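I opened my notebook for a slow look through this structure, jotting things down as I went.

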Amino acid sequence: MEGCKNVWVFVELKKEKIRGVSFELLGKAKELAKNSNEKVCAVVFGSNISKICEELSYHAIDKIYLGEHKILDDYLAETYSSVFIDLIKKYLPNIILFPATKLGRDLAPRIAASLEVGLTADCIDLGIQDGNLVQTHTVYGGNYLVDIICPNKRPQMATVRSNVMEKSEATKKTQIDLVKIPIEIEPSQLKTKIKEKIETTTSDVKPIDEADIIVSGGRGIGSAENFKIVEELAEVLNAAVGASRAAVDAGWKPKSCQVGQSGTVVCPNIYIACGISGTTQHLVGMKSSKKIIAINKDLNAPIFDFCDYGIVGDYKVIVPLLTEALRKKLSQD
Ligand SMILES: Cc1cc2nc3c(=O)[nH]c(=O)nc-3n(C[C@H](O)[C@H](O)[C@H](O)COP(=O)(O)OP(=O)(O)OC[C@H]3O[C@@H](n4cnc5c(N)ncnc54)[C@H](O)[C@@H]3O)c2cc1C
């Protein structure tokens, strides 16, 4: 497509709130747009989203494309992709960033395939070189990084992992250009209909992607039953429970708890790793945590090279002592 300009961010909402990863994308989009002298535009779908626009007006962006309609309240590949594709054809963006969430991973490839343009999935960094978007992506089990460019087609599209970029911070309010997208979808014409919504995670399971504190367990925990020891510490700290892939593959924890390259990348203030060795694939998922505490009985475990505090010993002894001490301390405060 000729004449493409501006950097777009698909702002994903969850329960009528902006997902944290969207602020990371907005932060990066501002940097990219500055380098290429373009504008930052947000694309938001849903109904009753005036408070979302109000929130975005504190993030120094230029424009919001607003798909405000009841039919866009719930994600349907059919509706979201058709509205998005029409929008792209009309306003010709240069770059479009999607979060590498379940929704983004479903929506972005449909759009890219329909427009016959490239898409780099699961980027961990983005830059601009010679007018092209440089999309950094991990390969060979996270051991190498590759930079991908799509020089021949526009728009350039990428999905971006959560917790790998600096979030855009709210500053002073600015005037944003609001472009309302006319939605002309006839519900009776849709091939897919939502009959019922079933939550797959129970409300008492804290999601790891936006948690402040995570207590994770690995193969060293030994069994699903033993995970209770980890969970008790998490409960005292009001933390989310994470797991290594080994613990997930063993069936001790669900996939939604998996931290790492093929799980979720996390960036909490505190990450406590219990019985986790610290392989590259786990480290790429948690190494940006502000403080890392490792508990492992093997002094030579690689995790000790990356942690801020390391405790050598059996987690079955150490974790209950920590839990008890913290319970006492926190009840005094
Ligand atoms: C393509 C690919 C993608 C992958 N993606 C991921 C991913 O997303 N996330 C991930 O985690 N892995 C991932 N892996 C797997 C990864 O390579 C490792 O196999 C996995 O991380 C190991 O998990 P672990 O540290 O729990 O187990 P191990 O490496 O077996 O380590 C267990 C540790 O527990 C310690 N231990 C044992 N008993 C105790 C005790 N009683 N007290 C204290 N410490 C104890 C041991 O000393 C050891 O260090 C991936 C692999 C591939 C090839």
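**Entry 1: the whole protein**

I note at the start that this is a predicted model. I counted the secondary structure and found eight helices and 17 strands. Next I checked the radius of gyration: it is 22 Å, close to the 20 Å from the globule rule for 333 residues, so the protein is as compact as a globular protein of that length. The C-alpha trace spans about 65 × 45 × 40 Å along the principal axes. I also looked up burial, and 42% of the 333 residues count as buried.

**Entry 2: helix 1**

I went to helix 1, residues 20–36, and compared its length with expectation. Its 17 residues should span 24 Å at 1.5 Å a residue, and the end C-alpha atoms are 25 Å apart, which agrees. Buried residues in helix 1 include Phe23, Leu25, Leu26 and Leu32, and the buried list also holds Glu24 and Lys28. What covers the buried residues of helix 1? I found strand 1, strand 3 (17–18), strand 4 (40–46), strand 6, strand 8 (125–129) and strand 11 among the elements that do.

**Entry 3: helix 4**

Helix 4 covers residues 102–115, and its 14 residues reach 21 Å from first C-alpha to last, close to the expected 20 Å. I asked myself which residues of helix 4 are buried. They are Gly104, Leu107, Ala108, Ile111 and Ala112. Looking down the axis of helix 4, I saw these buried residues fall within an arc of 125 degrees, so they line one face of the helix. Lys102 and Ala113, on the other side of helix 4, are exposed.

I then traced what the buried residues of helix 4 pack against: strand 1 (7–10), helix 3 (77–91), strand 6 (95–99), strand 7 (119–123) and strand 11 (156–160). Strand 1, strand 6 and strand 11 had already turned up as cover for helix 1. Just past helix 4, glutamate 116 has a positive phi of about 55 degrees.

I flagged leucine 92, whose phi is near 50 degrees, a positive value in a residue other than glycine. Leucine 92 sits in the loop between helix 3 and strand 6. Leucine 92 has 15 C-beta neighbours inside 10 Å, so I put it down as partly exposed.

Aspartate 122 also takes a positive phi, about 60 degrees, without being a glycine. Aspartate 122 is in strand 7 and is partly exposed, with 18 other C-beta atoms within 10 Å.

One peptide bond went on the list too: arginine 154 to proline 155 is cis, with omega near 0 degrees. Proline 155 belongs to the loop between strand 10 (144–148) and strand 11.

**Entry 4: around the ligand**

How many residues surround the ligand? I get 29, the closest being Gly218, Gly220, Ser244, Arg245 and Gly260. Elements giving two or more residues to this shell are helix 6 (245–249), helix 7 (280–283), strand 16 (291–296) and helix 8 (315–332). Helix 6 gives the largest share, three residues. By class I noted seven nonpolar, 16 polar and six charged residues in the shell.

Methods:
Residues numbered from 1 in each chain as written. Predicted model: local features only at pLDDT ≥ 70, side-chain atom pairs only at ≥ 80, totals over all residues. Helix = DSSP H or I, 4+ residues; strand = E, 2+ residues; numbered from the N terminus. Expected span 1.5 Å × (residues − 1). Buried ≥ 20, exposed ≤ 12 C-beta atoms within 10 Å, placed from the backbone. Arc of directions from axis to C-beta. Contact = placed C-beta atoms within 7 Å. Rg over C-alpha atoms; globule rule 2.2 N^0.38 Å. Near = placed C-beta within 6 Å. Nonpolar A, V, L, I, M, F, W, Y, C, P; charged D, E, K, R; others polar.
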